[in-house]
Structure formats: C-alpha cells, structure tokens
Amino acid sequence: MEEKKTQSTYKRTLTNAHIQLIALGGTIGTGLFLGVGNSIQKAGPAVILIYIIVGLFLFILMRALGELILSDLKKHTYIEFIEKYLGKDIGKLTGYLYWLSWLILAMAETTALGIYFKSWLPNLPTWLPGVLSVAVLLLINLISARFFGNLEFAFAIIKILMIVGFVIFAAFMLLSSGSTKYGQASFSNLYADGFFNNGAGGFLQGFQMVIFSFIGVELIGLTAAEAKDPHKTIRSAINELPLRIILFYVLAIIGILVILPWNKVSTFSSPFVQALMGAGFKGAGNLINFVVITAAISATNSFLYSAGRLFFSVTLGGESKWSKFFGQLNHRQLPMRGLVFSALIIICAPLITMIMGDEAFSFISSMATSMFLLIWIIMTLTHLRYRQVTPKDQLHEFQLPAYPYLDYLLLAFFGAIVILLLFLESYRVPMITALITFAVLYGFSKAFNKKKEAAK
C-alpha cells in the first residue's frame with residue numbers, strides 16, 4: 001500500500017472525447033462571456049481582428065508545446081521540460097509562477113460566482129457560492145481524473161451549445177432582416193462608424209482582455225499524462241484549435257455586433273445578454289446567467305486541476321520535507337496534497353474583494369495576463385532550446401513548422417505585448433507586479449540552490 005502512495009506516474013483515464021471537450025471548454029470561459037464587452041468598448045469592431053491575431057499566435061505556441069509534450073510523455077507538465085532545457089532555477093521559479101497564476105485565475109472565477117448568484121439570490125453572502133463550489137470541485141478532483149474529465153465534458157457541452165445556438169440565432173436575424181430596439185440586424189454595424197473607430201490607441205488597449213480570454217488554452221498539454229492515446233488526441237486537439245477560435249470567438253463576436261451596435265455594448269453585463277434582450281428575449285438574462293455560472297465553475301475546475309498537478313510537478317523529486325510531503329501521488333495516482341493545498345488558497349478569494357472592491361476582477365485579470373505572458377515567453381525559449389540540442393533523427397514527428405522563425409515571431413509578439421502593458425496606464429501596475437514577482441521568485445530560487453549546494 002505504501003508503494004502506491006509514493007507513485008509518480010498518473011493513471012491514463014482520459015479518452016479522446018474528454019481531451020477534445022476539455023480543449024473546447026478551455027477556449028470558452030468568463031473572458032468571452034463577460035470580458036469581451038470590455039474589449040469591444042475599447043477596440044470597437046476591430047476586436048474581431050485582435051481575436052484572430054492572438055488566436056493565431058497561441059496556435060503557434062500550442063504547436064511548439066505539443067511538440068515538447070509528445071517528445072517525452074513521461075514528463076507530467078511543461079515545467080519539467082523547462083527544468084531540463086533551461087535549468088532547474090528557471091524551471092522551479094516558472095513552476096511556482098505558473099501555479100500562482102492558476103490560483104489567481106481561480107480566485108477571479110470564484111469571486112465572480114458570488115456576483116453571478118446575486119442576481120438570483122440578492123441576500124446570499126458573496127463569498128458562499130465560491131467556497132462551496134471549490135469544496136465540491138475538490139472532492140470531484142480527488143475521485144479521479146476521469147471524473148474530472150466527465151464534469152468538464154458536461155460543462156463544455158453547455159457552453160458550446162450556448163455559443164452555437166447564439167451564432168445560429170444571429171444568422172437567422174441577419175437572413176430574416178430581424179429588428180431589435182437598436183435597429184435592424186446588419187453587417188453594417190461592423191463598419192458604419194469605421195472598423196477601427198477608436199483608433200490605434202483603442203485597438204492596442206483591446207489586447208489585454210483578449211489575451212486573458214485565451215488563458216487556459218494550454219490545458220490541452222497538461223492532460224497528456226492522463227490521456228489514453230496522447231499521440232493521437234493531443235495532436236488532434238491542437239490542430240483543430242484554429243477552427244475553434246473562428247467558431248467560438250470570431251463568429252460569436254460577429255453575432256453580437258450584427259445585433260448590438262458596438263457603441264451600445266456595456267461592460268456591466270454580458271454582451272450576449274444585451275444582444276438577446278435587445279432582440280426581445282426578456283428571459284435571456286436568466287439563461288445566460290446560468291451558462292456564465294457553469295463557465296465560471298468549469299474554469300475553476302480546470303484551474304484547480306492544473307494547480308494541483310503543477311504543484312506536484314514542482315515539488316516532485318525534492319529533498320526537503322516540503323517536497324517530500326507534496327511531491328507524491330496517493331493510492332488513486334492523484335496529487336491529493338497539491339490539490340487540497342491549492343484549494344485552501346483559492347477559497348481565500350473573498351479577501352481580495354474586501355481589499356479591492358469592484359476593481360478586484362479587473363486587477364486580477366490584468367495580473368493573470370501579465371504572468372502568463374512571462375510564462376509563455378519562457379515556454380517558447382524552452383522549445384527553442386529543445387530543438388537546438390535534440391538531434392534531427394530524435395525529433396518527434398509532430399513538429400512546429402518554420403523553426404526557428406516562428407519561435408522568434410512568438411518571442412517578438414509576447415515581448416511587444418509586455419512593453420505595451422507597461423506603457424498603458426490601466427495595466428502598468430499589474431505588469432510591474434508580475435515582473436517583481438518573477439524577480440523575487442528567481443532570487444529565492446537562486447538563494448535556495450546556493451544553500452543546498454553549501455550543505456553538500
């Protein structure tokens with residue numbers, strides 16, 4: 001029995017259907033249902049172009065990460081590849097930064113849950129839905145990865161059906177020349193006031209929330225260690241990413257804008273609700289609120305899943321008591337201690353709301369975007385190093401094309417966004433905070449390793 005408790009290999013229980021739906025669900029979340037209103041208000045119809053640009057670059061990133069993951073399926077997370085190709089110092093600090101980023105995202109979602117439930121239960125304490133959701137999701141994650149996969153499967157179907165239904169409704173409104181309280185549904189809403197109607201400044205400000213919307217897309221790679229046929233399912237999920245981006249982001253936003261003129265979009269509620277209510281569906285608020293709640297719970301579920309596995313990966317193989325305690329799987333081959341510890345931190349989310357009030361979600365989303373930009377830069381450098389040191393005859397057949405030029409293009413894009421966020425006043429503090437966090441973690445990592453070497 002004791003041997004089982006100290007296993008370090010996950011059980012492969014996720015099927016092709018699980019991976020495909022997790023991949024789909026990972027690209028549809030609160031960032032789309034709520035955050036897109038912020039992007040539309042800043043960039044106008046040009047937000048469609050921003051989603052295409054960001055989606056293209058993240059597809060390139062996923063091709064690079066897919067090549068890494070499939071090159072060695074014995075590794076559990078991207079962090080192990082970073083340690084191997086960039087060194088343990090960078091690997092450890094990236095692991096903790098990545099883990100912290102998932103926790104911050106989960107805190108944002110649990111905070112949002114309290115707000116969503118308020119529309120149905122005004123007297124309900126804001127903190128209660130999030131805490132209860134995390135407790136239930138923790139129990140589910142502790143049962144098995146397959147149970148997690150089944151839950152994400154159901155959540156993803158709800159979100160997908162909602163998006164597909166909305167796109168079909170928007171198409172019907174267009175073909176039937178349907179009218180709303182804002183006028184006739186028309187493609188002219190996309191260009192009547194100019195496609196770039198807020199100028200270059202508005203266009204650039206739209207990138208932050210769009211990037212936030214895509215966070216979680218790399219969850220595909222984190223499922224590889226528990227996929228039944230990873231070579232087939234991971235490759236398929238990544239290659240279908242562009243189609244999902246077009247269908248679930250671009251078409252959905254076009255659907256919003258042909259019904260609802262961009263300058264009528266408010267950031268105080270979901271643009272989907274606003275569009276449907278503008279078209280005369282009075283009960284749309286309850287329907288979308290239900291979908292948004294499931295999206296938030298789904299996101300929290302994915303973030304908890306990721307955080308638990310990342311914490312296990314970072315502590316695996318360490319010599320300290322901390323590492324030995326957390327760096328092992330239980331008899332179900334699950335990182336139980338990492339999951340429980342991560343959940344306990346996530347349920348502290350109400351403290352952020354108490355400190356920051358209504359600005360909490362905006363700050364957290366900006367902070368998460370900033371952290372993930374740094375992580376994606378490190379992941380790209382890892383892929384570059386992997387290709388540099390791996391002989392051609394040992395490369396996996398699923399390769400990033402146009403190496404190393406696409407790697408350099410990724411680094412240039414992510415670097416440009418980091419500089420952009422430092423220049424934009426609204427996002428400067430979160431970006432600086434992320435950079436300071438990175439520097440502090442790197443300092444601690446170096447100091448710890450020096451102390452470890454001295455002890456030897």
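Helix 13, spanning residues 241-259, comprises 19 residues and extends 26 Å from its first C-alpha to its last, close to the 27 Å expected at 1.5 Å a residue. A bend of about 25 degrees is found in helix 13 at Val250. These values, like those that follow, were computed from a predicted model.

The protein chain as a whole contains 21 helices and two strands. Of its 456 residues, 57% are classed as buried. Contacts between residues at least 6 apart in sequence were also examined in the protein chain, and 82% of them join residues at least 24 apart. The accessible surface of the protein chain amounts to about 18,900 Å², with 66% of this area belonging to carbon and sulfur atoms.

One contribution of nonpolar side chains to the surface is a patch formed by Ile432, Ile436, Val440 and Phe444, which together have about 390 Å² of accessible area. Ile432 is located in helix 21, which covers residues 425-455. The relative accessibility of Ile432 is 37%, and this residue therefore counts as partly exposed.

Met209, by contrast, counts as buried because its relative accessibility is 7%, below the 20% cut-off. This residue belongs to helix 10 (residues 207-214). Beyond its neighbours within four places in sequence, Met209 makes contact with Gly35, Asn38, Ser39 and Ser365. Met209 and Val36 are 173 residues apart along the chain, and their C-alpha atoms are separated by 7.2 Å.

Methods
Residues numbered from 1 in each chain as written. Predicted model: local features only at pLDDT ≥ 70, side-chain atom pairs only at ≥ 80, totals over all residues. Heavy atoms only, no water. Helix = DSSP H or I, 4+ residues; strand = E, 2+ residues; numbered from the N terminus. Buried < 20%, exposed > 50% of the residue type's maximum accessible area, 1.4 Å probe, protein only. Contact = heavy atoms within 4.5 Å. Areas by Shrake-Rupley, 256 points an atom, 1.4 Å probe, with all protein chains shown as cover. Patch = residues over 30% accessible without salt bridge, like charges linked within 9 Å, V, L, I, M, F, W, Y side chains within 5 Å. Salt bridge = Lys/Arg side-chain N within 4 Å of Asp/Glu carboxyl O. Expected span 1.5 Å × (residues − 1). Bend = angle between axes of the 7 residues up to and from the residue.
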